[in-house]
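Morning, everyone. I have one structure to show today, and I will go from the whole chain down to a few single residues. Please look at it on the screen first.

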Amino acid sequence: MRWYYISQRRVAGIKPSPDGTLIFTTEDQRVVKIDMLGNILRQWYPEMRRLGPVQGGTQITGLQTLHHEPSLTPWGTYISMSANGREIADYPTSVTDPQAPRKPTMVMGDKIVEFDADGKIVWEWDTFDHLDPKMLHYHTLQPYWAVRGYPGYADWTHGNGITFDEKNNLVIASFKHLDALVAIDRKTKEIRWIFSDPQGWPERFQSRILKPVGLTRFPWSQHHPHVTPWGTIVYFDNGMFQARPFDGRRIVPFHESYSRAVEIKVDPRAMTVSELWTSEKEQKPDSCINWAMGDAHRLPTTNNMLVIRSFCPPITDKLNDQNEYDLTQRFVDDVPYAGRVEEYSRTSPGTRLSQTRFDDPNEILQWQLYGGFHAPSIYWEDKAGAAN
């Protein structure tokens, strides 16, 4: 351990800045910038933050939340996910019973917001204007937003990562609860492509869904896309459920799945997606299935792959990762588990070259690793390109 910073609130995503500072989001709806001595340099917060204004912080007008990992754009602004609620009439009350009654429900959908250092929004894209709020995930009705100050709100899109394709002027967003990476034309705001299992998507989106070439599986509850200097995309595929509510497919249970890191190449003209690399193609005895978080990067010097597995519970049929469909089992978040940071060769499937574990030998505490990045040193000023 070379350095650590203890935050007063849970950190939910961290990125390096070119000036050698760090930016991250906390679970109480703040984007924070610190130096390497741990001094808070700047803070931004949404105007309608349930906990009120942040002393000394910069308010961003018109937003309810800021969440997950913020990013610094190549041109020096900031971009983040901002979930905002709307009431949807006739919304499902169950993700397992299609005959369950429906009712008006406040639904959280993401708005991608780009803002400058003064908190002024310079670009935005709202999922309610472009996607279908009736698309469900097996975690749509989980209490994610209840514990963040919004009880009773459904968790529709659950955006969890943003990256940029500068060559094609695309904003690429990960929406966990849509099981999709979505590429947005920054100029026109139109959806250029969707990387997702096509089953369950309404007909009007089908022409935008990429056709797979050599794909082990589609992304399921994925996290943290990153466009590499080579124009490829690396992301973490959590492998959850591998089905959508009411689509007729069997849920792949927790103990039969595995999480993995993936590198893909998109051909926007042919509308295809090719799998270039993956850490694994099947479950192994030392596999990890983490139902949330996770990260992966292609390292610029060695060309190896950095894989961050957020937490690795025991793989057993005695645990359940979605407590609506089987209440006879223990919920997976109730048991001790460990996180792992691993390095892989870029052969496919990869060979694991190293592993650092974060766990409690007494199996009392849980370790969770949200994500991370590689930097050439603790101080990387003017070397931000290498920090990716």
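What follows is a short tour, with each term explained when it comes up.

This is a predicted model, in which local features need pLDDT of at least 70, side-chain atom pairs count only at pLDDT 80 or more, and totals for chains, interfaces and linings use all residues. Residues are numbered from 1 along each chain as its sequence is written, and side-chain values use heavy atoms, with hydrogens and water left out.

The whole protein, then. Its secondary structure comes to one helix and 25 strands. Helices (H or I, at least four residues) and strands (E, at least two) are DSSP runs, numbered from the N terminus. The C-alpha trace spans about 55 × 50 × 45 Å along its principal axes. For 388 residues, a compact globule would have a radius of gyration near 21 Å, and the protein agrees with that at 20 Å. That radius is taken over C-alpha atoms, and the globule rule is 2.2 Å times the number of residues to the power 0.38.

Of the 388 residues, 55% count as buried. Buried means under 20% relative accessible area, exposed means over 50%, and partly exposed is in between (1.4 Å probe, protein chains only). Among contacts with a separation of 6 or more, 56% are between residues 24 or more positions apart; contact means heavy atoms within 4.5 Å.

Now some residues. Where is Thr77 placed? Thr77 lies in the loop between β6 (67-72) and β7 (78-92). Thr77 has a relative accessible area of 12%, so it is buried. Its side chain makes a polar contact of 2.6 Å with the side chain of Glu114, and another of 3.2 Å with the side chain of Trp75. A polar contact is a pair of N or O atoms within 3.5 Å; within protein, one must be able to donate a hydrogen and the other to accept it, and residues adjacent in sequence count only if both atoms are side-chain atoms. Leaving aside neighbours within four places in sequence, Thr77 is in contact with Ser71, Leu72, Glu114, Phe115 and Asp116.

Ser259 is in the loop between β17 and β18. Is Ser259 buried or exposed? Ser259 counts as buried because its relative accessibility is 0%. Its side chain reaches the backbone nitrogen of Asn290 at 3.0 Å. Not counting residues up to four places away in sequence, Ser259 touches several residues, including Arg217, Phe236, Cys288 and Arg309.

Next, backbone angles. Most residues other than glycine have a negative phi. His68 is not a glycine, yet has a positive phi of about 60°. His68 sits in strand β6 and is buried, at 6% relative accessibility. Phe246, also not a glycine, has a positive phi of about 70°. Phe246 is in the loop between β17 (233-237) and β18 (260-267), and its 40% relative accessibility makes it partly exposed.

Last, Pro202, in the loop between β14 (191-195) and β15 (211-213). At 18% relative accessibility, Pro202 counts as buried. Which residues does Pro202 touch, not counting those up to four places away in sequence? They are Asp132 and Met135. The C-alpha atoms of Pro202 and Trp3 are separated by 48 Å, with the two residues 199 apart along the chain.

That is the end of the tour.
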